[in-house]
Amino acid sequence: MATTDGVGTKLKVAIDANYHETVGIDLVAMCVNDLVVQGAEPLFFLDYFATGKLDVAAGTAIVAGIAEGCRQAGCALIGGETAEMPGMYAHGDYDLAGFSVGAAERADLIDGSGVADGDVVLGLASSGVHSNGYSLVRKVVERSGLAYGDAAPFATGKSLGEALLTPTRIYVKSCLAAVRAGKIKALAHITGGGLVENVPRVLPEGAVAELDARAWTLPPVFGWLKGVAGIDAHEMSRTFNCGIGMVAVVAEADAEAAAGLLRQGGETVFTIGRIRARQGDEAQSQVLHAAEAWG
């Protein structure tokens, strides 16, 4: 199976902050995390880097990030394309796209069809905003009056640009271990659409995931975004990952073992909810107590 993705307008933050070291990791993460949710192991990766005129220093940093992302995912970087297109991009601008191919034994493929009433929902901590919601992030930065070179109000010792460019976490190795142990019924990569719109993609029509926002602490970056822009809790949960970058659905009897395997792989794991039967056409992912937990 194969996936393709980009980094979106997070690239504008990298360009404006002149900080290109991490977006290559983001590019790999967005592709390989979408493979592992199907139970597939990424085998190889290719990139496409387009710009008006190549900035060698920026290009070198970006490709180094791609190589690091592939190392974290355990896949090979087998090639790519660098396209210089004068007149297509403003000075200093560029775009990235990635492509990854993975493989799985048929028995290991995950489609969520086995998810049932009473199953447990585990949340794997994100490293930050990851690679979605940056059109809104950039508006919040504009409203704050801060420059990307200023100190980040939510991350001691980092500039705002550096903090917002924290790379997307790659969940491949930890999740594959749990998948191969037969402990995972469904995995959802929390990207654009947040917790509200991504979790339903891996649930049967008759299932609802009830998530309790009190089960984990909202990371400081999200508290800052929420506070500066006055974003309500529901909008936060349908725009950002809010601290949960990957969701796993497991049988209640397997919850402790699955969490243990994921923690052995380096993840911070929270028990964030349960699956119940759906009533009518109600929303299939409901983030409860968010206004209370997130202020």
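Visitor: How many salt bridges does a search of the whole structure find?

Guide: A salt bridge is a side-chain nitrogen of Lys or Arg within 4 Å of a carboxyl oxygen of Asp or Glu. By that criterion, a search of the whole structure finds 14 salt bridges. This is a predicted model, in which local features need pLDDT of at least 70 and side-chain atom pairs count only at pLDDT 80 or more, while totals for chains, interfaces and linings use all residues. Residues are numbered from 1 along each chain as its sequence is written, and side-chain values use heavy atoms, with hydrogens and water left out.

Visitor: Which residue forms a salt bridge with Glu-267, and where in the chain do the two residues lie?

Guide: Helices (H or I, at least four residues) and strands (E, at least two) are DSSP runs, numbered from the N terminus. Glu-267 pairs with Arg-169, with 2.7 Å between the closest N and O atoms. Glu-267 lies in the loop between α10 (255–264) and β9 (269–277), and Arg-169 in the loop between α5 (160–164) and α6 (172–180). The pair links distant parts of the chain, 98 residues apart.

Visitor: What are the bounds of domain 1 and domain 2?

Guide: Domain bounds come from an automatic or database domain assignment. Here the assignment gives domain 1 as 2–103 and domain 2 as 119–294. The C-alpha centres of domain 1 and domain 2 are 22 Å apart. Contact means heavy atoms within 4.5 Å, and 30 residues from domain 1 and 28 residues from domain 2 take part.

Visitor: What area is buried between domain 1 and domain 2?

Guide: Buried area is the accessible area (1.4 Å probe) that two parts lose on being put together, summed over both. For domain 1 and domain 2 the value is about 2,300 Å², and carbon and sulfur atoms give 69% of that area.

Visitor: How many salt bridges are counted between domain 1 and domain 2?

Guide: The count is one salt bridge. Glu-41 and Arg-180 meet through their side chains in a salt bridge (2.8 Å, N to O).

Visitor: Which elements supply the side of domain 1 that touches domain 2?

Guide: At least two residues each come from α1 (10–17), α2 (23–36), β2 (41–51) and α3 (56–73). The element that gives the most to this side is α2, with 10 residues.
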